[in-house]
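Trainee: I would like to learn how to read a sheet and the helix beside it. Please take me through one case.

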Amino acid sequence: MMVDFTLAQVGKNLSEAMRLLGDGQRELETGTEIRRFSRTSIPGPLQGDGQDVATILHIVHNLLHEEEENEDKPCRHRMQNVGEQGHIALLGHSLAAYISVLDRERLRKLTTRILSDTTLWLCRLFRYENGSACFHEDDRDGLVKVCRLVINDRYEEYASEGYAVLNSKQPVIYQSASCRPGLGQHLCSQLGLPLSSLCTVPCNTVFGSQHQMDVALLDKLIKEDIDAGKLPLLLIANAGTPGAGHTDKLGRLKDLCDPYNMWLHVEGVNLATLALGQVTSALMAATRSDSMTLTPGQWLGLPAISAITLYRHEDPALSLAAGLTSSQPVEKLRALPLWLSLQYLGHNGIVQKIKHATTLSQQLLQKLKSLASIKTSVEDENNSPVVLFKFSQEMSAASSGGSVEGYCVGEKEVLDTFNRWLGEQLAQLVPTSGVDVVELDDEGFCIRFSPLLTAAVLGTQQEDVEELVEKLTELVPVMSSTMSLRQDFREESHRHSASLTYVEEISWPGLGAVRYEPQAERMDESRRKQELEKINSELLKKLQDLDTDIIFSTGPEFGAEEDCIFVGMVTEDVDVSELVDTIAALGRDIEESGRLLENMTEVVRKGILEAELQLIKANEEKLMEEGMLRQLPLVGSVLNWFSPVGSSIQGRTFNLAAGSLDSTEMTYSTMAQADRPSQQDTPNSSSKKMPGQRLFQRSGVSSDSLSETSSIGQSDEKAQEDNTTASSSIHPTFSAHEPEMDSLHTASDASPEKVQESCVHMHTHVEPGEASEERQPDGQEEERSRR
């Protein structure tokens, strides 16, 4: 089979380009090459000499993966699964550029054939008979062009008079309250219509789905607009709302539009299921609409595929004026990538992809029904391609043993925070599932699983749904226990109100937040704020160093509260009382240790000055007592040898605990300082933990670690209990045998009781020879050494 050389070259170049750009994990050859290409991220002048294709592709590659190279821990981004079918779609864009240079007659024949084939295939595939197709990049442009078509059709003088004819009867466009945000404003902006031409129809409030348009209210609004001299122009309905995936009553809406000669436009993800063998009657009514917008690129996992608007209209001149068709053959080449992709997949392949997505939805829905504390929301349990679920407070409160009164305070906001956290965790843990978080007016934040939009792009399989349910099963019990213990945490924090302030932060997905308040009095505002920031910062570090599964952090990145300790999710076996007591005790230790260190520094400084003054005074008295002759080097040695005298100067020891200066005579005579036994703090019996029991875990709760250590002998168990108690103590140890002054800086890491005990035995020695500036005679030194 003969193939045009240029076509073969296009395919070859595309394959080479995809190979170079798609290899995101490949390392560049040398570090020099990395630095050279990284500089291209900074805009600069165009080089004088041209570059070859390989160099340009390397530059593009580095621009694509520049963030991954700069990150210490590269994160997993959602990347489209570009397989061979994706290459076919990308090849269509390359071929479109090549075909555009053909001679005009050949180009016209080729583009007409491509557009006709694609339109025929789409209309048959989605059951839309006798329709025409408009291909557009922005999925809203098709609706804009349809509105222009309707305006041209309903206002006969519009082509010649323009917007002036709209003054006689103002056109009105109706949309559902569940439509895409900003869609109506975009229409008015593109058409030059005032916002008063847009009418938003509320959804059902009593009967039917709360995400479906209220048909009776729509009828009432249309009659009111007609009575006001306005012209009902177009109605936008949903076959799968952007948030919940519900479908409006399309049959009733079509019957309502016909008497008023209104145009009915339908859009939504559920339109993809029209390609299946069995379609519900509610969705089948979409085939009666005047136009519908399809996005097969998302449904089939085809990159850079245009959106398509199928419509029915008999006047080609009005379609051309509205921009739905074009007389330029190049514009028709937008259908080429889809034309190639549809042929590659075939009818069976397209149906299989859509069927696979709906099967994934049913699989997840059946799994979620068996999970406690999870509430699902679907339009049709048997055919809904979109699944919404959320963590339910009512179901979790009944199964948990904690307080329920806390749900009354900001109940909905707290649940929204927890569900938002749940959705973010699931999207991070199972990125191929494609779940995201949506906010609905009536239900708050929910997790949405819409495989029609994500499965083909991310390559979602049934194993991913199983993993999603597995992760959900692990997270829900933690959320339930945390929710039930929030009130206990609040009450325990109020019990320590003298030192802890409970911070009400409903946007924090965790147990809660507290702030340690300094107890020092007579402190100005700036000094107090500085002390509060310092203590809470040190407290957070100490809590993070504890051997526990609880996560302590500074809270949300853009939170309003500062200098707080935010406690994350907890399990049901957490002892909240012990947790709060530990936070308060650690904060108190940090504050008292810092205050003791400041006081100790001042006392030591004054004590050293006083000791120096006393030693100087003693040296002067010695000079008066011994006379000048004994101070001369040669004469003093002779006199001291014939008539030795004892030194009347005694060293000074500084008691840090008492803050007093004492003589060293008693110290050296009795050696009391060296021989005094150190007293070790005995751990409180209440703080003892069972072997294998972690911090803040209630002793009555059984765990795997407790069962494993239950067979240890009595002696081994006792020794292991001592080790566990020592390692799990929240107070860092402080040695009682450190007389050096350099060790004072560790006071901030010790408890005040241990520092006080250490101060009793720490003495600062100032000897007479260190304070005297005169050198002692050699003979006198020898005499002292003999004595």
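**The sheet and its helix**

Mentor: An open sheet of 4 antiparallel strands has the order 8-9-11-10. Two strands pair if DSSP finds at least two bridges between them; strands (E, at least two residues) and helices (H or I, at least four) are DSSP runs numbered from the N terminus. This is a predicted model, in which local features need pLDDT of at least 70, side-chain atom pairs count only at pLDDT 80 or more, and totals for chains, interfaces and linings use all residues. Residues are numbered from 1 along each chain as its sequence is written, and side-chain values use heavy atoms, with hydrogens and water left out.

Trainee: Which strands stand at the edges?

Mentor: Strand 8 (374–377) and strand 10 (436–440) do; each has a single partner strand, so one side of each lacks a neighbour in the sheet.

Trainee: How many bridges join strand 8 to strand 9?

Mentor: There are 4, and strand 9 covers residues 387–391.

Trainee: Which strands does helix 18 touch?

Mentor: Helix 18 packs on the sheet against strand 9, strand 10 and strand 11 (444–449). Contact means heavy atoms within 4.5 Å.

Trainee: What should helix 18 span?

Mentor: The expected span is 1.5 Å times one less than the number of residues. For the 19 residues of helix 18 (residues 411–429) that gives 27 Å, and the end C-alpha atoms are 27 Å apart, which agrees.

Trainee: Which residues of helix 18 are buried?

Mentor: Among them are Val 414, Phe 418, Trp 421 and Leu 422. Buried means under 20% relative accessible area (1.4 Å probe, protein chains only).

Methods: Buried means under 20% relative accessible area, exposed over 50%, partly exposed in between (1.4 Å probe, protein chains only). Axes are lines fitted to C-alpha atoms, for helices over the stretch in contact, and angles run from 0 to 180 degrees between N-to-C directions.
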